[in-house]
Amino acid sequence: MDTTTGAPAPLKVTLIVGSNRHGRFGPVVADWLLARLRDHDGIAAQVVDVADTAALPTTLERGPRTAAALADITPKLASADAFVVLTPEYNHSYPAGLKNLIDWHFTEWQAKPVALVSYGGLAGGLRAVEHLRQVFAELHAVTVRDTVSFHNAGASFDDTGRPKDRSAPDAAAKSMLDQLTWWGHALRDARDRRPYGS
């Protein structure tokens, strides 16, 4: 709560860019999505990019190397009130690098909402989204109902990185972010009143 205005404090939303593949299309979608986040009232956005986690081992063994790899990432997840996860679809699911980032954390996801945005070919990444819903349910997170998906993503954006048809994705993003902020405030208030799991 802002003590000067009485308005709720901005919702801290961490955007997770889920692809680390060479030549990835993710940054194009991420730039568009980050602009939607920053345009939405009451959101303070920050970014975690899976491409920056190359030093994170897949062994889940803690040590100095792991601590260094997580030093910038974990605080952004822990301080978040909500998440937007941007994922491509690789072989009918989401990327291994994204799963590794998710698996290195547990309490950081708990009792927080997650919005899912996808891109891909004909399916638009929606199979990856459905797999992620199961993973986040196991981590005690809440996925919001509405998503944004870009089918044939490479052909959906112009040379400046903007969707060729802006009305449909902008409307879908607004609906998704409205749901995310509702859940974000509700769950933040609940965690403030009683820590999750107590």
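Glycine 124 sits in the loop between β4 and α5 of this predicted model. With a relative accessibility of 0%, glycine 124 counts as buried, because buried means under 20% relative accessible area. Beyond its neighbours within four places in sequence, glycine 124 is in contact with Ser118, Tyr119, Ser149, Phe150 and His151. The C-alpha atoms of glycine 124 and valine 148 are 9.2 Å from each other, while 24 residues separate the two along the chain.

**Strand β1 and its partners**

- Of the 7 residues in β1, 6 are buried, and the strand is mostly covered.
- β1 runs parallel to β2, and 7 bridges pair the two strands.
- From β1 the chain passes through helix α1, residues 26-39, and on to β2. This β-α-β crossover is right-handed.
- β1 is also joined to β3, in the parallel sense, by 5 bridges.
- Valine 13 stands opposite alanine 82 of β3, and leucine 15 has valine 84 of β3 as its bridge partner.

**Strand β3**

- How many of the residues of β3 are buried? The count is 7 of 7, and the strand is described as mostly covered.
- In a regular strand, side chains alternate between the two faces of the sheet.
- In β3, one side carries Ala82, Val84, Leu86 and Pro88, and the other carries Phe83, Val85 and Thr87. All of these residues are buried, and both faces of the strand are covered.
- β3 pairs with β4, residues 113-119, over 6 bridges, and the two strands are parallel.
- Across this pairing, phenylalanine 83 stands opposite valine 114 of β4.
- The chain goes from β3 through α4 to β4, and this β-α-β crossover is right-handed.

**Helix α4**

- Helix α4 covers residues 96-103, and its buried residues are Gly97, Leu98, Asn100, Leu101 and Ile102.
- An α-helix has 3.6 residues a turn, so residues three or four places apart point the same way.
- What do the buried residues of α4 pack against? Their partners are the strands β1, β2 and β3, together with the helices α3 (73-78) and α5 (126-138).
- α4 and α5 pack at an angle of about 10°, and their axes are 12 Å apart.
- Angles under 35 degrees count as roughly parallel, so α4 is roughly parallel to α5.
- On the α4 side, Leu98, Lys99 and Ile102 make the contact; on the α5 side, Leu132, Val135 and Phe136 do.
- By class, this contact of α4 with α5 holds 5 nonpolar residues, no polar residues and 1 charged residue.

**Threonine 53**

- Threonine 53 lies in the loop between β2 (43-49) and α2 (64-70).
- Is threonine 53 buried or exposed? Its relative accessible area is 8%, and under 20% counts as buried, so threonine 53 is buried.
- Setting aside residues up to four places away in sequence, threonine 53 touches Ile73 and Leu101.
- Leu101 is also one of the buried residues of α4.

- Most residues other than glycine have a negative phi.
- Histidine 140 has a positive phi, near 65°, and is not a glycine.
- The place of histidine 140 is the loop between α5 and β5 (142-143).
- The relative accessibility of histidine 140 is 36%, which lies between the cut-offs of 20% and 50%, so this residue counts as partly exposed.
- Asparagine 152 also has a positive phi, of about 50°, although it is not a glycine.
- Asparagine 152 is in the loop between β6 (148-150) and α6 (153-156).
- With a relative accessible area of 40%, asparagine 152 is partly exposed.

Notes. Residues numbered from 1 in each chain as written. Predicted model: local features only at pLDDT ≥ 70, side-chain atom pairs only at ≥ 80, totals over all residues. Heavy atoms only, no water. Helix = DSSP H or I, 4+ residues; strand = E, 2+ residues; numbered from the N terminus. Buried < 20%, exposed > 50% of the residue type's maximum accessible area, 1.4 Å probe, protein only. Contact = heavy atoms within 4.5 Å. Pairing = 2+ DSSP bridges. Right-handed = clockwise from strand over helix to strand, strands pointing away. Axes fitted to C-alpha atoms, helices over the stretch in contact; angles between N-to-C directions. Parallel < 35°, antiparallel > 145°, perpendicular 65-115°, else oblique. Nonpolar A, V, L, I, M, F, W, Y, C, P; charged D, E, K, R; others polar.
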